[in-house]
Amino acid sequence: MRIRKHLLVGGATAAVALASVAAAVAGAQAIRGTVQADGSSTVAPFAQAAAESYERKYSAARVVVGVSGTGGGFERFCKNETDLSNASRPIRLSEAARCHSAGIGYIQFLVANDGISLVVNRSNTWANCLTTAELKKIWDRGSTVNNWNDVRAGFPNVPLRLFGPGTDSGTFEFFTEKINGSARRSRSDYSASEDDNVLVRGVSGERGALGYFGLSYYLENRNRLKVLQVNSGNGCVTPSVASVQSRAYKPLSRGLFVYAKKKAFKRDVVAGFIRHMIVNERAISRTAKIVPLTKAQLRKAQRQYNTAIRNRKNY
């Protein structure tokens with residue numbers, strides 16, 4: 001059975017057909033049980049907002065959202081400990097092989113977008129835009145840059161304190177690949193945490209601080225932080241919904257993913273939660289201050305979901 005939904009997509013109303021799960025046939029009583037999710041701290045605000053609205057709609061459903069980083073989430077996922085793995089980067093070949101060895105098949109869903117944001121303390125009056133070369137100079141393995149006047153001539157003599165995600169983070173891997181040229185290649189003498197709120201507190205408390213994390217955490221704390229523009233060779237660009245969706249914010253724009261275990265997807269409570277995220281993607285993104293999918297991305301997510309529903313009896 002198919003039902004028709006109207007979604008607000010990219011500012012326009014579009015008729016969208018999504019395959020139904022049992023809730024469309026048997027009512028809310030068909031959706032019951034627990035969904036276990038873990039992974040990316042960047043995806044967490046989206047997943048948590050989706051979980052809260054899903055639980056309001058289906059009182060017998062419960063969604064548990066953990067935050068152990070993208071790598072930590074995949075580790076649990078491939079050990080068969082979770083139903084969903086939230087990720088701020090695509091699954092690595094080594095992780096996919098581990099899942100395959102454990103007999104765990106999965107479906108990847110693109111659920112939102114993000115732009116990794118460089119932030120400084122609000123008392124920082126000298127830095128407004130950094131080049132990717134300057135960022136590499138700061139963050140590359142072996143870097144000895146410890147003062148702002150080492151970053152650029154004319155910057156003041158202020159000690160540089162660095163804050164960033166830990167090594168289990170997909171944000172760490174994406175940032176180091178795009179800025180330093182190789183995933184996980186980074187200096188290690190910085191304050192690291194898988195909890196982005198810890199990074200927010202660190203940057204907001206140090207005059208000479210510089211940190212990076214997902215755009216939603218800056219938007220949530222814009223009264224406490226200052227965001228920097230990034231110049232990858234074509235001028236300074238501010239991370240925003242428009243610049244991230246268009247990928248003009250280079251090279252730090254990216255997609256955000258939820259991986260669903262195929263066997264778990266056979267359960268209505270899990271398939272229903274994925275459907276809930278897609279149908280309500282724009283509203284959930286707005287609540288979570290996450291960059292929503294473009295029209296084309298949303299159509300692709302809908303097609304992926306419909307294909308998964310058609311095939312789930314074979315999972």
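What is the handedness of the crossing of H5 and H7, left-handed or right-handed? The crossing is left-handed. A crossing counts as left-handed if the near helix is turned anticlockwise from the far one by less than a right angle, and as right-handed if clockwise.

This is a predicted model: local features need pLDDT of at least 70, side-chain atom pairs count only at pLDDT 80 or more, and totals for chains, interfaces and linings use all residues. Residues are numbered from 1 along each chain as its sequence is written, and side-chain values use heavy atoms, with hydrogens and water left out.

**Helix H7 and its partner H5**

Two packed helices are described by the angle between their axes and the distance between the axes. The axes of H5 and H7 come within 9 Å and cross at roughly 115°. Axes here are lines fitted to C-alpha atoms, for helices over the stretch in contact, with angles from 0 to 180 degrees between N-to-C directions. From H5, Thr132, Leu135, Lys136 and Trp139 make the contact. From H7 come Phe175, Ile179 and Asn180. Contact means heavy atoms within 4.5 Å. By class, the residues of this contact are four nonpolar, two polar and one charged. Ala, Val, Leu, Ile, Met, Phe, Trp, Tyr, Cys and Pro count as nonpolar, Asp, Glu, Lys and Arg as charged, and the others, Gly among them, as polar.

H7 spans residues 170-180 and is mostly covered, with nine of its 11 residues buried. Buried means under 20% relative accessible area, exposed over 50%, and partly exposed in between (1.4 Å probe, protein chains only). Among the buried residues are Gly170, Phe172, Glu173 and Phe174. The buried residues of H7 pack against H3, strand E7 (117-121), helix H5 (132-139), strand E11 (209-213) and strand E15 (253-261). Helices (H or I, at least four residues) and strands (E, at least two) are DSSP runs, numbered from the N terminus.

What caps the N-terminal end of H7? Ser169 does, with a side-chain oxygen 3.0 Å from the backbone nitrogen of Thr171. After H7 comes Gly181, whose phi is positive, near 95°.

**Disulfides**

A disulfide is a pair of cysteine sulfur atoms within 2.5 Å. The count comes to two. With the bonded cysteines numbered in sequence order, the pairing is 1-2, 3-4.

| Pair | S to S distance | S-S torsion |
|---|---|---|
| Cys78 and Cys99 | 2.0 Å | about -85° |
| Cys129 and Cys236 | 2.2 Å | -95° |

The disulfide of Cys78 and Cys99 is left-handed because its torsion is about -85°. This pair links distant parts of the chain: Cys78 in helix H3 (residues 69-78) and Cys99 in helix H4 (residues 93-101), 21 residues apart. Cys78 and Cys99 are buried.

The link of Cys129 and Cys236 is left-handed. Cys129 lies in strand E8 (residues 129-131) and Cys236 in strand E14 (residues 236-237), 107 residues apart. Cys129 is buried, at 11% relative accessible area. Cys236 is partly exposed, at 39%.

**Asn280**

Asn280 sits in the loop between helix H12 (268-279) and helix H13 (281-288). Asn280 is partly exposed, at 30% relative accessibility. Its side chain reaches the backbone oxygen of His276 at 2.9 Å. Asn280 and Tyr54 are 226 residues apart in sequence, yet 9.9 Å apart in space, C-alpha to C-alpha.

Conventions
Polar contact = N/O pair within 3.5 Å; in protein donor to acceptor, adjacent residues only side chain to side chain.
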